[in-house]
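The sequence and structure are shown first.

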Amino acid sequence: MLTRIKQILYDYTDVKEIGETSMLEADLGLSSLDVVSIVTEFEDVFHIEIPDRDIGKFIRVKDIIEYLEARV
């Protein structure tokens, strides 16, 4: 799962290395619009629905991993 998550994130950033502690906005340079697009991709890839209220919980890559592992 981590590999797939990183692949999706790499599509939205020029950062060479993404780690679990990487912050989406500060480290990866993602905008809030990027995060919404990424969440849509996660929904399609992992066949889940992520409520809008949960998107704000995604601060670091680790937050995404934990969220998806708990629901997939």
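The secondary structure of the chain consists of 4 helices and 0 strands, where helices (H or I, at least four residues) and strands (E, at least two) are DSSP runs numbered from the N terminus. From the N terminus on, the order of elements is α-α-α-α. The radius of gyration is 11 Å, close to the 11 Å that the globule rule gives for 72 residues, so the chain is as compact as a globular protein of that length. That radius is taken over C-alpha atoms, and the rule is 2.2 Å times the number of residues to the power 0.38.

This is a predicted model, in which local features need pLDDT of at least 70, side-chain atom pairs count only at pLDDT 80 or more, and totals for chains, interfaces and linings use all residues. Residues are numbered from 1 along each chain as its sequence is written, and side-chain values use heavy atoms, with hydrogens and water left out.

Along the principal axes, the C-alpha atoms fill a box of roughly 30 × 20 × 20 Å. Two further values describe the chain.

| Property of the chain | Value |
|---|---|
| Buried residues, of the 72 residues | 36% |
| Contacts joining residues at least 24 apart, among those between residues at least 6 apart in sequence | 51% |

Here, buried means under 20% relative accessible area, exposed over 50% and partly exposed in between (1.4 Å probe, protein chains only); contact means heavy atoms within 4.5 Å.

The axes of α1 (residues 2–10) and α4 (residues 61–71) come within 11 Å and cross at roughly 130°. That angle makes α1 oblique to α4. Axes are lines fitted to C-alpha atoms, for helices over the stretch in contact, with angles from 0 to 180 degrees between N-to-C directions; under 35 degrees counts as roughly parallel, over 145 as roughly antiparallel, 65 to 115 as roughly perpendicular and the rest as oblique.

Within α4, the residues Val 61, Asp 63, Ile 64, Ile 65, Tyr 67 and Leu 68 are buried. The cover over the buried residues of α4 includes α1, α2 (32–46) and α3.

Gly 56 is located in the loop between α3 (52–55) and α4. This glycine, Gly 56, is exposed, with a relative accessible area of 60%. Its C-alpha atom is separated by 9.3 Å from that of Val 35, which is 21 residues away along the chain.
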